[in-house]
Amino acid sequence: MKEIKRLAGWIKQSDFTVVLTGAGMSTESGLPDFRSKSGWWKSYDPSALASVDAMKTNYPLFHEFYCMRIKALEECQPHRGHYILAEWEKKGLIHSIATQNVDGFHRAAGSVNVHELHGSLRSIRCLGCGMRGGVEDFINKAGCRSCGKNLRPEVVLFGEMLPADAWDSAINDIGKADLVIVIGTSLQVYPANQLPSLTKGRKVIINCEVPAGRSKFDMVVKGKAGDVLAELKRMV
Ligand code: OAD
């Protein structure tokens, strides 16, 4: 594919490449995304499950939804695309990954410089005192070992700010980037969807569907993340 060859050239030329990923990065691992035909938000209402309001007013439903998502992780692993990105970081071909994903697959595949913009399902804290808790305690509805209040995963819910350290690091890296590669996101969720526009460098999106706002990108590569990254790996 002509675009992939051109993108491989851009990756080799670039001194500072940042990757921004979304749920489409992990569908080939077996996790659903949010807005595709089989995505979470086609069957469930995000405000009833993934919002601060939902957590406070209907904890049992909130708990059930996040338990389901944590358990789904046990059945899935990073795929070749995650490993290729980790290898590229080691080789100096990319600097960092900013991800909206909460599955922890980039780190599990060996990426180190990962900014988890929406937190992680693998980390739990008390929604009362903030003390860290265990995933097992959350699943078993054990309550905080310090104050007894309910536990929650450290993910960003609708109505919450992004973790400042991850957000600041992502902005800082994107400000320095001469190439930003966006993979598997519909770019519908603020503020992560603003990140590509903050670079002075080239912007590329790799996605199954051609996204709205394609004109903002220097290149659109239509395809599956794993397939496109595997093809790129042969060329860089
Ligand atoms: P979406 O579900 O909105 O978008 C995923 C995009 O990836 C879609 O455009 C798909 O077509 C595409 N896609 C699916 N599989 C793919 C594959 N194998 N290769 C390439 N592209 C693929 O997910 P996000 O944009 O990540 O936030 O959603 C952003 C945020 O909305 C999530 O982090 C979550 C959600 O509500 C919170 O819960 C706060």
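Analyst: One term before we start. A pocket here is an open set of grid points where a 1.4 Å probe fits, with protein on both sides within 12 Å along at least five of seven lines. Also, this is a predicted model.

User: Got it. What volume does the largest pocket have?
Analyst: About 1,000 Å³.

User: And how many residues line the largest pocket?
Analyst: The lining has 50 residues. Nearest the centre of the pocket are G22, A23, D33, F34 and R35.

User: What classes are in that lining?
Analyst: There are 27 nonpolar residues, 15 polar ones and 8 charged ones.

User: Which helix or strand gives the most to the lining?
Analyst: That is α5, with 4 residues. At least two residues each come from α2 (40-43), α5 (59-74) and β8 (202-207).

User: Which domains does the lining draw on?
Analyst: Domain 1 (1-30 + 78-118 + 162-236) supplies at least three residues, and domain 2 (32-75 + 121-155) also supplies at least three.

User: Switching to the ligand. Which residues are closest to the ligand?
Analyst: A23, F34, R35, T185 and S186 are the closest, out of 24 residues that surround the ligand.

User: What lies 2.7 Å from an oxygen atom of the ligand?
Analyst: A backbone N or O atom of A23 does. R35 also has a backbone N or O atom 2.7 Å from an oxygen atom of the ligand.

User: And S186: how far is its polar side-chain atom from an oxygen atom of the ligand?
Analyst: That distance is 2.5 Å. As for cover, the ligand has 790 Å² of accessible area on its own, and the protein covers 95% of that.

User: New topic, the backbone. Where is there a cis peptide bond?
Analyst: Between Y190 and P191, with omega about 0 degrees. P191 sits in the loop between β7 (179-183) and β8.

User: Which residue has a positive phi although it is not a glycine?
Analyst: K141, with phi about 50 degrees.

User: Where is K141 found?
Analyst: In the loop between α8 (135-139) and β6 (151-155).

Note on methods:
Residues are numbered from 1 along each chain as its sequence is written. This is a predicted model: local features need pLDDT of at least 70, side-chain atom pairs count only at pLDDT 80 or more; totals for chains, interfaces and linings use all residues. Side-chain values use heavy atoms; hydrogens and water are left out. On a 1 Å grid over the protein atoms alone, a cavity is a set of points where a 1.4 Å probe fits but cannot get out, and a pocket is an open set with protein on both sides within 12 Å along at least five of seven lines; lining residues have an atom within 4 Å of a point. Grid points are joined across faces, edges and corners, and a volume is the space filled by probe spheres set on the points. Ala, Val, Leu, Ile, Met, Phe, Trp, Tyr, Cys and Pro count as nonpolar, Asp, Glu, Lys and Arg as charged, and the others, Gly among them, as polar. Domain bounds come from an automatic or database domain assignment. A residue is near a molecule or strand if one of its heavy atoms lies within 4 Å of it. A polar contact is a pair of N or O atoms within 3.5 Å; within protein, one must be able to donate a hydrogen and the other to accept it, and residues adjacent in sequence count only if both atoms are side-chain atoms. Accessible areas come from the Shrake-Rupley method with a 1.4 Å probe; for residues, only the protein chains shown count as cover.
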